[in-house]
Amino acid sequence: MYDCLILGSGPAGLSAAVYAQRARISALVIEKVYRGAGQITESERVDNYLGMYGENGYSMGVKFRKHADELGAEFYEGKVTAITKKSDENGIYYSVSLDDGKSFEGRTVIYALGTERRKLNVKGEAEYTGKGVSYCAVCDGAFYRKKTTAVAGGGDTALGDALLLSKFAQKVYIIHRRNELRANKALQEKVKALPNVEFILNADITEIKGEKKVAAVKIIQENREKEIPVDGVFVAVGSTPSSELLKDLVELDNNGYVVADENGKTSESGIFAAGDVRTKKLRQVITAASDGANCLFSAEEYLGLTRQVKFK
Ligand code: NAP
């Protein structure tokens, strides 16, 4: 039985792991990907994490991971399939089952499973995934040297992807459903200044067309249909919370985010939520890392409280 099971090894989970080591709390980090460090590893450049200006996302993830490793954090690789609330003579605990048939028990759970990339859900998207449709510009961008690409979305990810692609591709279209961008202003300025990037605003992608691989996107812009020849489509239309495993245990909001305050406290007293999966306004690496620390502190308090009750 662990004091704390930390689910997820992104910045939130790794930060919780660091704090657990320092608090001498027995903790196990369960991660889906071997030596993972979360979605940040797919960002080419991070400019807004204090003290790491201009850091590559992958190397940032490696540093986070190394920090937890050096303090002795324990990891197990596996996909969580269920979380079950149980009790014994010492009180409530949670059993976490994995896809390899193993399960682990913990008095508390820090849930830091983040979000999953949203799909466009248009014809051709599934068919051409891996054949010109990609959800990771850092992973696949270099394949589009001197080619024409489209990025779907108007947030930080979409514009960050366009910035990266502009270094390889001959032409990058940013296709966005509104005429206002959601991305931060500094990034907007950078991308707008690029000669090979063109914004197509107020436009919806209705189909991704091709033969064996992507050849064009079909869009509707101001009631007019158009086809734009492209070699690749990068989908960057946001994410949905990976909260499915908690739906019968804790309160979720209408969009599926785990309702939790900045201390990570959810509606279930032994379960804490950290990072992008919880309700919050600013989903960034820096807020995820801070969530991990807060959650571990809350778990420590909770464990202390339960022990106090026991010794009375
Ligand atoms: P986001 O901010 O939610 O933006 C998603 C974009 O996709 C929006 O422009 C949205 O349009 C559009 N969209 C959503 N659903 C769509 C659909 N079905 N069809 C077409 N377009 C759709 O997501 P994100 O850019 O992935 O960013 C997520 C979070 O991570 C944000 O908090 C962001 O600041 C953060 N982030 C930070 C960094 C960094 O700091 N380096 C890098 C990347 C991301 P509307 O605008 O019309 O809603």
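This is a predicted model: local features need pLDDT of at least 70, side-chain atom pairs count only at pLDDT 80 or more; totals for chains, interfaces and linings use all residues.
In strand β6, T108 is the bridge partner of C4.

**Strand β1**

With strand β6 (residues 103–111), β1 pairs in the parallel sense over 5 bridges. β1 also pairs in the parallel sense with strand β2 (residues 27–31), over 4 bridges. C4, the partner of T108 in β6, stands opposite A27 in β2. Another bridge to β2 links L7 with I30. Helix α1 (residues 11–23) belongs with these two strands: β1, α1 and β2 make a right-handed β-α-β unit.

**Strand β2**

Is β2 enclosed or open? Because 5 of its 5 residues are buried, β2 is largely enclosed by the rest of the structure. A27, V29 and E31 point one way from β2, while L28 and I30 point the other way, and all are buried. β2 pairs in the parallel sense with strand β3 (residues 74–77) over 4 bridges. In that pairing, V29 stands opposite F75. A right-handed β-α-β unit is made here too, by β2, helix α2 (residues 57–70) and β3.

**The ligand**

Which residues come nearest to the ligand? Of the 17 residues around the ligand, these are N48, D156, T157, R178 and R182. The shell divides into 3 nonpolar, 8 polar and 6 charged residues.

| Residue | Atom of the residue | Atom of the ligand | Distance |
|---|---|---|---|
| R118 | N or O atom in the side chain | nitrogen | 3.5 Å |
| G154 | polar backbone atom | oxygen | 3.0 Å |
| R177 | polar side-chain atom | oxygen | 3.0 Å |

On its own, the ligand has 920 Å² of accessible area, and the protein covers 76% of this.

**K185**

K185 is placed in helix α5, which spans residues 185–192. Is K185 buried or exposed? The cut-off for exposed is over 50% relative accessible area. K185 has 61% relative accessibility, so K185 counts as exposed. K185 and D156 are 29 residues apart along the chain, and their C-alpha atoms are separated by 9.6 Å. D156 is also one of the residues that come nearest to the ligand.

Note on methods. Residues are numbered from 1 along each chain as its sequence is written. Side-chain values use heavy atoms; hydrogens and water are left out. Buried means under 20% relative accessible area, exposed over 50%, partly exposed in between (1.4 Å probe, protein chains only). Two strands pair if DSSP finds at least two bridges between them. A crossover is right-handed if, with the strands pointing away from the viewer, the path from the first strand over the helix to the second runs clockwise. A residue is near a molecule or strand if one of its heavy atoms lies within 4 Å of it. A polar contact is a pair of N or O atoms within 3.5 Å; within protein, one must be able to donate a hydrogen and the other to accept it, and residues adjacent in sequence count only if both atoms are side-chain atoms. Accessible areas come from the Shrake-Rupley method with a 1.4 Å probe; for residues, only the protein chains shown count as cover. Ala, Val, Leu, Ile, Met, Phe, Trp, Tyr, Cys and Pro count as nonpolar, Asp, Glu, Lys and Arg as charged, and the others, Gly among them, as polar.
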